[in-house]
Every structure is written in structure tokens, then in C-alpha cells.
Amino acid sequence: MSREDQLRRRAKELLTKEGVVMVIGYRAGKRPGTATPAFVTRPEDADVLIFDDRCGTNLAAYLPRVKHRGKIAIVAKGCDSRSVVALLKEKQVDRGGLVILGVGCDGVKEQGRLSDSCTTCIHPNPVICDEMIGEKVAERTPAPDPLDDFERLSPDERWQALMTDVSRCIRCYACRQVCPNCYCPTCFVDTNSPQWVGKTTAGSDNMMFHLMRAMHMAGRCVECGSCSRGCPMGIDLMRFNRKVAKVVKERFGAVAGLNPEELPALAAFDPSDKQEFIR
Amino acid sequence: MQTVAPTPSGLALGVRRSELLLTQRIITSAALDKLVAVWAKSAAVYAPVKVKGWTEYRRISSLAEADLTQVNAKLSARGLLFPQSETMFRFETGRPDKVEETATPEAQVVLGVRPCDAAGIAVLDKFFSGQGETDTYYRRRREKTTLVGLPCSTPDETCFCTAVGGAPAGTRGLDLLLTDLGGSYVAEPLTERGEAVVKELPEATAAELTKKKETSDKATAAITQRIDTARLKELLDSGNSHPVWGDLSLACVNCGACTFVCPTCHCFDIVDETRKGRGARLRVWDTCQFCLYSQHASGHNPRQTAVSRFRNRAMDKFKYTVDMIGEVSCVGCGRCIRECPAGIDIRETVDVLLKQLSKSDAMQTAECKMQKAK
């Protein structure tokens with residue numbers, strides 16, 4: 001039985017016999033070569049489900065929005081599963097209300113090319129799941145971290161590169177909306193009294209938004225790359241996220257989205273935490 | 001529902017000369033290059049320029065900088081007439097006598113506008129200067145703008161202009177249409193402003209005009225999507241509370257990408273930025289997809305849910321604007337399809353709406369008949 005057949009069969013069983021009210025997976029998009037999230041609530045609709053290298057959207061982002069409906073099954077690649085862990089850690093979803101259908105992933109393709117975040121992926125298989133759909137995939141050798149090249153630049157060059165990139169931002173907040181970590185009912189940019197961040201697309205306002213968002217990702221981002229893929233303007237948002245993830249790993253030895261029992265790095269305090277910056 | 005007849009824009013634009021058949025002319029690439037250089041002396045010339053893997057409108061000084069081969073620019077030309085952030089005036093707090101108007105923008109020529117985007121500007125003209133109200137900031141830019149269009153020869157899979165009343169070689173909104181024949185262009189003036197640009201050029205031959213028509217016919221045939229917009233409007237009139245919206249909106253992440261890349265979306269927010277007694281009043285693009293957009297001062301938000309915001313966009317494009325300006329405000333450019341981070345396709349949304357709303361419409365009609373029979 002193919003992986004897709006297995007997925008569809010399990011979805012039907014879950015919906016008919018196992019008390020699941022919705023299976024979140026992917027279906028083919030109208031546009032050739034694309035997939036879009038599918039929300040299957042009736043067993044007869046389960047045949048739309050697919051899984052292949054078109055399926056990039058991190059489905060965990062939808063969990064906080066639909067969890068009130070009842071027990072949810074979710075198709076989870078390595079990165080999606082890590083986002084589920086992150087949500088569990090932050091008590092945004094209840095483990096008992098979830099059925100995690102793990103799928104191994106050989107990387108997501110964008111216009112035929114391996115998505116940037118997938119080149120450095122070290123968790124192609126789910127880190128948490130109730131059952132695997134299909135076999136686990138072989139671990140890949142990650143490509144060199146693109147951050148290395150960036151960090152070799154001088155501070156001025158780095159600033160310039162970031163500024164050039166974020167000045168293209170149109171503030172549509174697609175990066176935020178596709179991010180499983182961004183579940184806040186009111187985001188800091190969605191308040192106007194006080195107005196924390198200017199609303200224009202001037203470089204400084206855009207940079208403020210992106211830096212603040214990056215700070216909020218520290219110790220939480222699982223580097224799925226949904227933000228970069230979702231950005232209509234092609235901004236390398238992962239550069240910010242890779243950097244904060246690296247700093248958190250260096251300083252606290254913590255990697256996001258692996259252990260549901262562990263507190264998020266910035267939500268925990270340990271007397272051995274480095275504190276040389278306090279003088 | 002009564003539909004309002006399209007009103008003339010009221011803008012002092014180049015007068016549309018549709019009643020007269022203006023002579024089509026021929027312009028070589030070299031002559032066009034010279035023309036761009038001439039324009040650049042007295043106006044800001046914008047054209048699609050290659051950026052990363054796509055094009056964006058940028059200011060150019062020579063034709064060589066432009067890339068007129070891509071299907072369409074990443075963002076529509078709307079930002080050249082209605083910038084994402086715009087300073088309306090500057091002020092000093094507590095000093096009503098110290099209000100400083102911003103300078104009138106310089107004249108601009110936009111080269112390489114695709115017909116869908118030009119149609120989008122024609123729709124914006126109605127929003128910003130129909131109905132008796134005129135938006136000064138839009139109008140002062142629009143009056144100084146010449147739109148030079150370029151028909152599409154090979155539409156993208158996501159293009160559907162012909163489904164919403166447009167065409168790959170449509171002329172609406174344009175001053176001049178240039179059809180590429182390879183090495184030269186057929187220049188079709190559409191307004192007096194366009195005519196003034198090309199009147200000295202040689203006339204196009206019958207063979208050149210035939211070639212032009214073949215190009216546009218081929219492009220038109222490449223777009224197969226059809227949308228029954230009249231039927232859709234009828235169904236949407238009574239389809240506000242149909243459960244289909246709940247299903248359709250599930251995948252939507254409620255970002256603003258679709259509305260910001262849309263050539264006809266025109267909502268804005270006004271904010272004051274003040275520092276040490278001096279400030280500026282700005283207007284910035286806003287979108288119905290954001291929660292804050294519909295937030296009232298009382299704290300109440302009539303469009304609190306994701307489904308209501310998703311529904312608003314579809315309703316706006318295919319119903320509300322038909323009520324307001326007499327036409328749908330979708331020009332079929334396909335940008336919302338290409339840029340949606342969740343892969344939502346407006347063509348599919350429309351298909352599902354037509355199917356599901358028709359079904360319940362048919363049921364309602366049947367129920368009415370049964371009740372009448374009783």
C-alpha cells in the first residue's frame with residue numbers, strides 16, 4: 001500500500017471510529033505543482049489527501065485555531081512535529097486532543113528547487129508522533145549553514161544586507177501568520193495605543209518589526225522555513241531565525257521543538273546560565 | 001440590488017478617444033529607447049526591472065534597465081499612484097498655523113504596464129474620484145501619470161483576465177499600448193496624451209497590424225478560466241451566512257498578502273507620527289484581513305473572526321464593489337494566487353462558491369415553490 005493510500009485509509013478510520021473530528025493534511029492545489037492545506041472532516045473526503053515534496057506549509061500553525069473543535073489529527077513532517085512539540089511546551093495544545101500522523105520528508109520543493117530551510121534540515125522524520133504513515137526517510141547530510149557566510153561580513157555589511165532585504169517588506173505579515181509560534185491573540189504590531197512599531201514601510205519601521213519578531217522566536221523557532229517560503233517578497237527571514245537559534249544553542253545548549261518536557265530556553269532559569277553581560 | 005452605473009472618473013486625464021480610431025503607428029526598439037531618455041528628462045519613468053527572480057517597478061533612465069519579458073511585476077503599478085506609505089502633511093503640535101503641505105509629486109510615465117494592471121488603475125480611478133468624492137493625494141499623482149501598456153503574449157497559468165472582463169491586449173486605463181513584434185512595437189494611442197507621444201511616428205502597415213492581432217488572439221486563447229460574475233453576484237447577495245465560508249476560510253492564515261499584491265485593493269489607515277512637537281500625518285495601506293482594521297474605538301470588532309475577514313475579501317471583489325461602482329474589482333492578474341502563503345486560489349474559491357451557493361439557492365427556490373403550492 002502506498003503512503004498516500006495508507007494516509008487516506010487512516011484518516012477515514014480516525015474520522016469514523018476513533019473520535020477524530022478533523023484531519024489536517026494537504027491536498028493538491030489547482031495550480032500545477034502546488035499543495036494547499038486540507039481540513040478533512042468527513043471520511044468520504046479523505047481521498048483528497050496527498051503527501052509529497054509540494055507540501056511545505058507548516059500545518060501546526062492551524063492547531064491553535066481549530067483545537068476547540070475536538071480531537072484533531074495532523075499530518076506532521078519533521079519540522080511540523082517539532083512545532084507541535086513547541087506548542088505542547090507552551091501549553092497551546094493538549095497532547096490528548098491530538099493524533100500525530102508522522103511522515104518522513106525528503107525536503108520541500110519550491111519551483112522545483114529544494115527549499116532553503118530544508119537544505120540544513122537535521123530532523124526529516126517526526127520527533128514525536130502517534131504513528132508513522134509510510135517509512136522513515138534516511139537522514140541527510142545538511143548543507144553548510146548559510147549563516148556562516150553572512151557572519152563573515154563586517155557589521156556594516158551585515159546591517160546593509162539586512163536593511164536591503166527588509167526594505168522590500170510590504171508588512172503583509174504572511175511570515176507571522178504562517179508561523180506556528182505566532183499564536184498571540186494580539187500581536188505587538190496590532191496595537192495602536194500604544195503604537196509599538198511604526199506602520200510605514202520605511203526601512204527603520206520594517207527592521208523594527210523583523211527584529212522584534214526575531215527576538216520573540218528565540219528558543220522557540222524550529223527553523224521550518226514557512227516564513228521564508230510564505231514571504232511574497234522573497235525576504236530571507238530565516239536568516240534572523242537561524243541567528244537567534246544559534247545564539248540560544250550556544251548560550252543555553254537548547255534546541256527548540258525536541259523535548260515536550262523541557263521548558264523553552266528563554267522561559268527557564270538555571271544558575272549556570274551565562275550572565276557575563278550583567279555588570 | 002440596484003447597481004450603480006459606472007461614473008466617469010472626473011479626472012482631467014488624457015481624454016479617451018474611443019470614438020475616434022486613432023492611427024496605429026510603429027516604433028522601433030531604438031526609437032523607444034530614445035523616447036525613454038526624452039521622458040526621463042521631464043518625468044520619473046518607471047518600468048519593470050529584474051529583481052531577484054522576478055520584476056518590480058523601478059525608476060529607470062534607459063530602456064536597457066527594463067525587463068519587459070516577465071509575465072507581470074511582483075507588485076502591481078498601484079503603488080506608483082497610491083504608495084504604501086505616504087506623507088499627507090507635516091505639522092507642529094498645538095500650532096494650527098504650522099501645517100506644511102507635501103510637494104506635488106513629479107510627472108511620471110509608467111512603461112510596461114500589463115492590461116490587467118491598467119484595468120486595476122481604471123477601477124482605482126472610480127474608487128478615488130467617482131461618487132462625488134475625490135482623493136486629492138491619488139488624483140494629483142494620477143493626473144501626472146502616463147500609462148504605457150504592454151499586452152501579454154504568454155499568460156501565466158494563474159492569469160484569468162478574460163474571466164473578469166479583461167483581455168491580454170486590453171486597453172482600458174492606458175494612454176498607449178505597445179505590442180512587441182520583435183525589434184519594433186505597434187504603438188496604439190488611446191488618449192490624447194498617448195497620441196501626443198506617437199503622432200510623429202510612421203503608420204503601422206496592414207501586415208504589422210495583422211501580426212499584432214495574431215499575438216493578442218493567441219494570448220486570449222491561452223486563458224481558459226471562465227467565471228460567471230453576474231451569477232456569482234446574485235448568489236453572494238443572499239449568501240452571507242452560508243456554511244461554505246467556514247470551510248473555505250479554514251486554510252486562510254489571515255495575512256494581508258492577497259490584498260497588498262492586489263491591483264484594486266485601496267484601503268488605507270491614517271496615523272500621526274509625532275516627535276518632540278513636530279509630526280507628520282501619514283497614510284499607509286491597510287487591509288480587511290487584519291483584525292485591527294475593523295476594530296472600533298469602543299473595543300468592539302464587528303469582523304472579529306477569521307471567517308468573516310476571509311468572506312469580506314471575496315464579497316468585496318465580487319459583490320460590494322459591484323454595488324458601489326458597477327463592476328467586480330478583480331482584474332484577473334493572478335497575484336493573490338501566486339503569493340498566497342497557504343496556496344489559496346481565488347479561482348477555486350469562486351468555483352466552490354458558485355457550486356455551493358447555487359445548491360442552497362436551488363433548495364430555497366424549491367422550498368418557496370412548495371410553500372406557495374400549499
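**Figure 1. Polar contacts between chain B and chain A.** Across the interface of chain B and chain A, 13 residue pairs are in polar contact, both residues of each pair being at pLDDT 80 or more. The model is predicted. On the side of chain B that touches chain A, at least two residues each come from β3 (54–60), α9 (257–261), β10 (268–275), β11 (278–285), α11 (335–339) and α12 (346–373) of chain B. By type, the residues of this side are 20 nonpolar, seven polar and 13 charged.

**Figure 2. Buried area at the interface of chain B and chain A.** Between them, chain B and chain A bury about 2,900 Å², with 57% of this on carbon and sulfur atoms. In chain B, the residues that lose the most area to chain A are B:L250, B:V253 and B:L292, together 21% of what that side buries. The contact involves 40 residues from chain B and 37 residues from chain A.

**Figure 3. A salt bridge between A:R168 and B:E56.** The closest N and O atoms of A:R168 and B:E56 are 3.0 Å apart. Four salt bridges are found across the interface of chain B and chain A.

Figure 4. B:D316 is located in helix α10 (residues 306–325) of chain B. The residue B:D316 is buried and has no salt bridge. Its nearest side chain of opposite charge belongs to B:K317, 4.3 Å away, and a salt bridge requires the nitrogen and the carboxyl oxygen to be within 4 Å. Apart from its neighbours within four places in sequence, B:D316 contacts B:T321 and B:S329.

**Figure 5. A salt bridge between A:R251 and A:E276.** The N to O distance in this pair of side chains is 3.1 Å. A:R251 is partly exposed, its relative accessible area being 25%.

**Figure 6. A salt bridge between B:R172 and B:E327.** The two side chains meet at 2.7 Å, N to O. B:R172 is in the loop between β7 (145–149) and β8 (176–180) of chain B, whereas B:E327 is in the loop between α10 and α11 of chain B; the pair links distant parts of the chain, 155 residues apart. B:R172 is partly exposed at 34% relative accessible area, while B:E327 is buried at 18%.

**Figure 7. A salt bridge between B:E143 and B:R139.** The closest N and O atoms of this pair are 2.5 Å apart. B:E143 is partly exposed, with a relative accessible area of 26%, and B:R139 is partly exposed at 26%.

Note on methods. Residues numbered from 1 in each chain as written. Chains lettered and ligands numbered in written order. Predicted model: local features only at pLDDT ≥ 70, side-chain atom pairs only at ≥ 80, totals over all residues. Heavy atoms only, no water. Contact = heavy atoms within 4.5 Å. Buried area = accessible area lost by both parts, 1.4 Å probe. Polar contact = N/O pair within 3.5 Å; in protein donor to acceptor, adjacent residues only side chain to side chain. Helix = DSSP H or I, 4+ residues; strand = E, 2+ residues; numbered from the N terminus. Nonpolar A, V, L, I, M, F, W, Y, C, P; charged D, E, K, R; others polar. Buried < 20%, exposed > 50% of the residue type's maximum accessible area, 1.4 Å probe, protein only. Lys, Arg positive; Asp, Glu negative; His and termini not counted.
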